[in-house]
2 protein chains.
Amino acid sequence: MTPKPLVDATHDPSLKSWVEPANDPTCDFPIQNLPLGRFRRRGSDEPWRVGVAIGDQVLDLMLAAQQCPWAEGVHELLAPLVAGDLAGFMAAGTAARRRVREALSAALADGSDQGPFLELCLLPQAEAELTLPCRIGGFTEFDAGLRHATAVGRLLRPDDPPRAVDEWVPTGRHGRASSIVASGNAVRRPMGPVQAPGADAPSLVPSATLDCEPGLGVLIGRGNALGEPLTMEQAEQAWFGMVLLNAWTARDIQAWEARTPGLLLAKGFATTISPWVVTAEALAPYRVPFARPEGAPPLLPHLNAAFNSAAGAIDIGLEVWLQTAAMRAASAPPQRLAQGRFRDSDWTLAQLIAHLTSGGCNLCPGDLLGSGTPPGPDPRRSGSLLELTEGGRMPLTLPGGQARTFLQDGDTVILRAHCRAPGRARIGFGEAVGTVVG
Amino acid sequence: MTPKPLVDATHDPSLKSWVEPANDPTCDFPIQNLPLGRFRRRGSDEPWRVGVAIGDQVLDLMLAAQQCPWAEGVHELLAPLVAGDLAGFMAAGTAARRRVREALSAALADGSDQGPFLELCLLPQAEAELTLPCRIGGFTEFDAGLRHATAVGRLLRPDDPPRAVDEWVPTGRHGRASSIVASGNAVRRPMGPVQAPGADAPSLVPSATLDCEPGLGVLIGRGNALGEPLTMEQAEQAWFGMVLLNAWTARDIQAWEARTPGLLLAKGFATTISPWVVTAEALAPYRVPFARPEGAPPLLPHLNAAFNSAAGAIDIGLEVWLQTAAMRAASAPPQRLAQGRFRDSDWTLAQLIAHLTSGGCNLCPGDLLGSGTPPGPDPRRSGSLLELTEGGRMPLTLPGGQARTFLQDGDTVILRAHCRAPGRARIGFGEAVGTVVG
């Protein structure tokens, strides 16, 4: 069976919701999106509950399951969501997810007779505190944007022979799951070993070249048993949804640790993800053909599949915004630093998953894979600060005459992403926000 | 406060147990050990329960808490153990752990009036199925044996400039927590990209040079909050106990992936740990001074502490044994391949923990750190198969005339470890066993 992203009535661009703000064309969460996340009333210490973002509201699924009649079979499928266990729902597989999506779409649609019940189950997003969608099990970060990964290597280690960022298979490394945080958490500037020019010993110092590493993350739904690799077709069915992912990186520590057999401190001191998981089903209308880069070698068999060339990629526009403390004080809005086009990544999600499991490694519900930084439409306006400033040599000019090479304390980095397709609604990912503290 | 490994009455070598086999001097689990693990009756599908290994028995702590009177306050401390939540107990801190150790020691000691109650709470280890001690959160693997790590680099990449396995700070990499398995699970030979000599492209093939990577693992008890590094003193209090750890490695895939920015498939397809956690308290009598290697640079401040030089190291003798399918068929016992001396590692546990958290990364109860392969008393008889066979050039001869360079299907690798100290009981870790399947 070739998996095929299913575009159905839930994606109909003319569909409106009785939650009026969802019908604003600039809203990230129209009824065609229906992302899932975990929330509680801000300021409370209630247990985290699962909700759906719709317009500027959160639909509380625990309340919704109790207070609203549902079509036969839906109530059972909602059970893990009612229990606050989003990872349990991720594990339920695509058929269950599609059924719940259809039910939520019908219930939130204009004119639904479930509306009067569900109106009582809404909480304004402004009154909600959001957290990680689930306990993240394993975290592995890929370099699916070869141009970015190659540029980083060249800028950090200009005198070294380039470490191959391979065109044969996806490359990457495993990361720390413990330090993945939800949007809004502060990011403390890390310490790490850095050797000053001319010094004969490293010192443990606060990173002077803290950078963002903008990308996307994919959460695993149904994974695989240990020792049982996934085919490309199975890999495509194995992922549940996507989030924004900022893999903060200390470039000076990275340059020092690149001499050693692995990165320990340069990454993994904090990784910020957005709280709303945009599901594979919501992303179906934005699937586009995947093309290998010009001149790339042929695909190894385990990374090749007909559906991948037909619709393996996803058209997601990623944006990186910066607001410094001075800009915030002057009420100046964030400034856009960079743009990325996820569809131009060198590997698709199915390829990342198929490759990681090809050695037998298992993936579990709630495991997270990072994409790495995708290329952008304009190479001079894409990637991380390392690339935007040519290794720190060309500072960026910000409103009010401020200059930036790397991040300073008080700087807020905001990732945003949107999907657009002809004749389709625009959906968004919300934000992944982190402010640097010293 | 300088932490000091506390040697107390629970370590008295003259202490005997009413569980007779625990008094056999060759038994890994005398009353001075009292390691914790999770078990259930073999062949059942009961929930996993926490138990203590004593002699050839498991003391079921759920039953023991219900059926036996305990001194005031102990029952409350047993609560997470009764619930099967060993990670919850790990998080409880050293005072709680010491109190429970004292209570268990008294209850299991010869002449205890709790004996008649606890006799009803024993299950022979032969009838118990053992699993991972807890859900492993994050997994980070260090190269605390520099000689091994340097030798691996030289043998895998003889033409490359050596990747610094640094004497300034511990080096290592993050790993996959999902594929950590308990002793006894089969290890499937992984696939991965390998480029044959003279070939102009890699292929995805089963590893032809599968190797063991013998070491020890340390489980975190009370960790740290994100962004709040641990001092050496705090790091010494942060770990709960140790297990055997075999970080299986595919050397051919490792050689290929070493060209790229990280290892994805060469490790992480399976990591085997022993089921019984030998606690920091049980290891107290075997603490020895830590000495920096001859000619090593001075310690950076975050890795330096008086207690570390006094008693930072732990005297653990590690052994690697091999039994091939042919040996098993001929009822030939396993043969010892290698020995390691953990006390000679280049870094102590506190240094690994202090360094990993120095960048701000948080460690959580149940997170696991791997030590890497420690040096052995005889360099020609220590390390992994890669070193023992000089990169596969000098096969080992086994009983029955078999030869081995790397692991073949049907080969069983067994790790064992023991602690000895003058005038002290000998304690053991049990075994970490894995058999390679094709």
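## Where chains A and B meet

Between chain B and chain A, 14 residue pairs are in polar contact, both residues at pLDDT 80 or more; a polar contact is a pair of N or O atoms within 3.5 Å, where one must be able to donate a hydrogen and the other to accept it, and residues adjacent in sequence count only if both atoms are side-chain atoms. This is a predicted model, in which local features need pLDDT of at least 70 and side-chain atom pairs count only at pLDDT 80 or more, while totals for chains, interfaces and linings use all residues. Residues are numbered from 1 along each chain as its sequence is written, and side-chain values use heavy atoms, leaving out hydrogens and water.

**The interface**
- Contact, meaning heavy atoms within 4.5 Å, links 57 residues of chain B with 57 residues of chain A.
- The two chains bury about 4700 Å² between them, 62% of it on carbon and sulfur atoms; this is the accessible area (1.4 Å probe) that two parts lose on being put together, summed over both.
- H174(B), R176(B) and L264(B) supply 17% of the area that chain B buries against chain A, more than any other three residues.

**Salt bridges**
- Two salt bridges cross the interface, each a side-chain nitrogen of Lys or Arg within 4 Å of a carboxyl oxygen of Asp or Glu.
- D367(B) forms a salt bridge with R176(A), with the closest N and O atoms 2.7 Å apart.

**A covered helix**
- In helix α7 (residues 146-156) of chain A, eight of the 11 residues are buried, that is, under 20% relative accessible area (1.4 Å probe, protein chains only).
- Among these buried residues are L146(A), H148(A) and V152(A).

Terms used
Chains lettered and ligands numbered in written order. Buried < 20%, exposed > 50% of the residue type's maximum accessible area, 1.4 Å probe, protein only. Helix = DSSP H or I, 4+ residues; strand = E, 2+ residues; numbered from the N terminus.
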